[in-house]
Amino acid sequence: MKPVVIIGFGGFGREIAWLAKECGRSVLGFLDDGIEPGRKGDYAVLGHSSTWVEYPDAEFVVAIGNPRVRRRVVERLNAEGMDKFTTLIHPSVRMDDSVVIGEGALICAGCIATVDIKIGRHVILNLNVTVGHDDVIEDFVTVAPMVALSGNVKLESGVEVGTGAAIRQGIAMSSGSMLGMGGVLTKDADPNRVYIGSPAKPFKELPEFI
């Protein structure tokens, strides 16, 4: 298998290095626009993201938790000709054969996805997320650890769900919306708005997800 280059050298990026190794992949290093190249502890920062062309034998993942930033990075790399994104799924993940997963998705240890689920491009499912039947998770969604998604839930593009949150069956979160840590969503969420609490209520507006 080809080595992996990780775009984004934050704490989550280092977790994705561990995920890659758990998947039996070697990690060549990191690309990050905010850090100068060189050794950073046990890791190698190879250069800025635009230097991806220097690694023709590698595959790439974008380990940036913020959906808006992740989308901008992916779209810029696509415009530069990047077509070598890979998907990483931890070997402990349990899911049915009917689950469809898009390129660039990162599915971390302990996740469970049951049946007839669609997971889009560059989605992040962090540790111990449960995804119920017939859920649709669109591109660039970020789901933090210990989240529970009931059946027939729809998370539109750019949605972010905080640690330990839960979403009731049949609920939809519109594009760019966010459910805060520990929130319990019992009604559909409007686009580009933060919801907090149990039951979750609107808290503030967010920039449009573009």
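Predicted model: local features only at pLDDT ≥ 70, side-chain atom pairs only at ≥ 80, totals over all residues.
Residues are numbered from 1 along each chain as its sequence is written, and side-chain values use heavy atoms, with hydrogens and water left out.

What does arginine 121 meet? Its side chain and that of aspartate 139 come together in a salt bridge, at 3.5 Å from N to O; the term stands for a side-chain nitrogen of Lys or Arg within 4 Å of a carboxyl oxygen of Asp or Glu. This pair links distant parts of the chain, 18 residues apart: arginine 121 sits in the loop between strand 11 and strand 12 (124-125), and aspartate 139 in the loop between strand 14 (136-137) and strand 15 (142-143). Helices (H or I, at least four residues) and strands (E, at least two) are DSSP runs, numbered from the N terminus. Aspartate 139 is also partly exposed, with a relative accessible area of 26%.

Salt bridges that share partners also join Asp33, Arg76 and Glu80 into one network. Within it, glutamate 80 pairs with arginine 76, and their closest N and O atoms are 3.3 Å apart. Glutamate 80 has a relative accessible area of 37% and so is partly exposed, and arginine 76, at 28%, is partly exposed too.

Now turn to helix 2 (residues 67-79). Arginine 71 and glutamate 75 are four residues apart in this helix, so about one helical turn separates them. They form a salt bridge whose closest N and O atoms are 3.0 Å apart. Glutamate 75 counts as partly exposed because its relative accessibility is 40%. In total, the structure holds nine salt bridges.

Two further arginines take part in polar contacts. Arginine 70 is joined to threonine 142 by a side-chain polar contact of 2.9 Å; such a contact is a pair of N or O atoms within 3.5 Å where, within protein, one must be able to donate a hydrogen and the other to accept it, and residues adjacent in sequence count only if both atoms are side-chain atoms. Threonine 142 lies in strand 15, and at 8% relative accessibility this threonine is buried.

Where does asparagine 192 lie? You will find asparagine 192 in the loop between strand 22 (184-185) and strand 23 (193-196). Its relative accessibility is 14%, so asparagine 192 counts as buried. The side chain of asparagine 192 makes a polar contact of 3.3 Å with that of arginine 68.

Another loop, between strand 10 (112-113) and strand 11 (118-119), holds threonine 114. With a relative accessible area of 33%, threonine 114 is partly exposed. Threonine 114 is 54 residues from arginine 168 in sequence, and their C-alpha atoms are 16 Å apart in space.

Our last stop is aspartate 96, in the loop between strand 7 (94-95) and strand 8 (100-101). Aspartate 96 has a relative accessible area of 34%, so this residue is partly exposed.

Technical notes: Buried < 20%, exposed > 50% of the residue type's maximum accessible area, 1.4 Å probe, protein only.
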